[in-house]
Amino acid sequence: MNSKDLKRLIRLSPVANSRLYHLLRFYMKRRGMSAVMNKAGISNKDEKNMASLMKEAMVKYRWDFDECIMYHYAELTGSDRRAIVPEYEKNIFCDLVNDNNDAKIFDSKWKSYCHFKDYYQRDCVRIEDTDDLQLFFTKHLDFIVKPDSAACGRGIAVYHAQNKDNANYLIDKYLRNGGGYIVEELIVNEPITQSLHPSSLNTVRIPTVRYDDRIEVVHPFLRIGRGSAVVDNAGSGGIMGNIDVATGTVYAAADELGRGYEIHPDTGVPLIGFTVPKWQEALSIVRQMAQVIPSVRYVGWDVALTPKGWVMIEGNDKGQFVFQVADHRGFREEFNHIRGELIS
């Protein structure tokens, strides 16, 4: 049994509902509090109070440390805190509604590519597949390297090789370190989406819930890069812009520290009121993708609009509920309804 399966087994056990378990969980994870506080700019004099709040949040509400920052725990009432669906509870929900074996397909970017190749609309190879890699470099000298199993944009690098030999040189370090990466044809946004932040690929996260007779889209959001980042993940400093499902228009935006934005701080492009181009096409594509592996009923789909149209970046069988950050409110009532309909 691997660590992911063990965590799933524990989450689904009766002990996971006890305060004692989450108190133990707090003490096991507390060494990570300092890093979260430092990233949020918590002053030394406030660290003790914040540590106490983080402990309370984890034991009483199952929140992780970063969620205390994202959702401004100290400023919320008890009812507001209960309305937030935390990452831990979201994971339990996904454990229950998604087939465990099929969900593991999404843990691997390569397996995902093999299942959803028609929606990627670009070339992708495993770094260990030497012959395929050499063929890839005859067609693409601009490419992106991704760890096969990492999340939140970690370990991703973009390369612009001058020739095939230079491309092989750039890749050699990954092979010497044991591989475990994929190499993808580099894609770019179409001009309107690219204008939000030109140096990153700006994507849209569109979560879907698959019921017996229909597929519903739940709280999509735009993901926009910051600074010199080539990825748009909030965990890498990016901004999330919540999208109205009916119109494709951004109505609220925030970063992972819960700071709100009306315009992009680097480019000055207005975020509130930005309408995602070809929005209905994006909804149509994710609904198609949601039918490819029907046993995985909740997925957060990352898609990007390119000059060729919408393409799949990846699927997330435990896609985060971070749209609650920009909304400044939880979606407990709606979540309970979804959960109740899926788990009878």
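A: In this predicted model, glutamate 190 is buried yet has no salt bridge. The nearest side chain of opposite charge is lysine 278, 7.4 Å away. A salt bridge needs the nitrogen and the carboxyl oxygen within 4 Å.

Glutamate 190 lies in the loop between β4 (181-185) and α12 (191-194). Its side chain does have a polar partner: the side chain of threonine 193, at 2.3 Å. Beyond the neighbours within four places in sequence, glutamate 190 is in contact with Pro277, Leu305, Thr306 and Pro307.

Now the charged pairs elsewhere. The whole structure holds 25 salt bridges. One of them joins glutamate 89 to arginine 332, with the closest N and O atoms 2.5 Å apart. Glutamate 89 is in helix α7 (residues 87-97) and arginine 332 is in helix α15 (residues 332-342), so this pair ties together parts that are 243 residues apart in sequence. Glutamate 89 is partly exposed, at 23% relative accessibility. Arginine 332 is buried, at 18%.

Arginine 259 pairs with aspartate 255 in a salt bridge, the closest N and O atoms being 2.7 Å apart. Aspartate 255 is buried, with a relative accessible area of 2%. Arginine 259 is partly exposed, at 46%.

Arginine 126 forms a salt bridge with aspartate 129, with 3.1 Å between the closest N and O atoms. Arginine 126 counts as partly exposed, at 35% relative accessibility.

Salt bridges also form a network here. It links Arg8, Arg11, Asp95, Asp317 and Lys318.

Definitions and conventions
Residues numbered from 1 in each chain as written. Predicted model: local features only at pLDDT ≥ 70, side-chain atom pairs only at ≥ 80, totals over all residues. Heavy atoms only, no water. Helix = DSSP H or I, 4+ residues; strand = E, 2+ residues; numbered from the N terminus. Buried < 20%, exposed > 50% of the residue type's maximum accessible area, 1.4 Å probe, protein only. Lys, Arg positive; Asp, Glu negative; His and termini not counted. Polar contact = N/O pair within 3.5 Å; in protein donor to acceptor, adjacent residues only side chain to side chain. Contact = heavy atoms within 4.5 Å.
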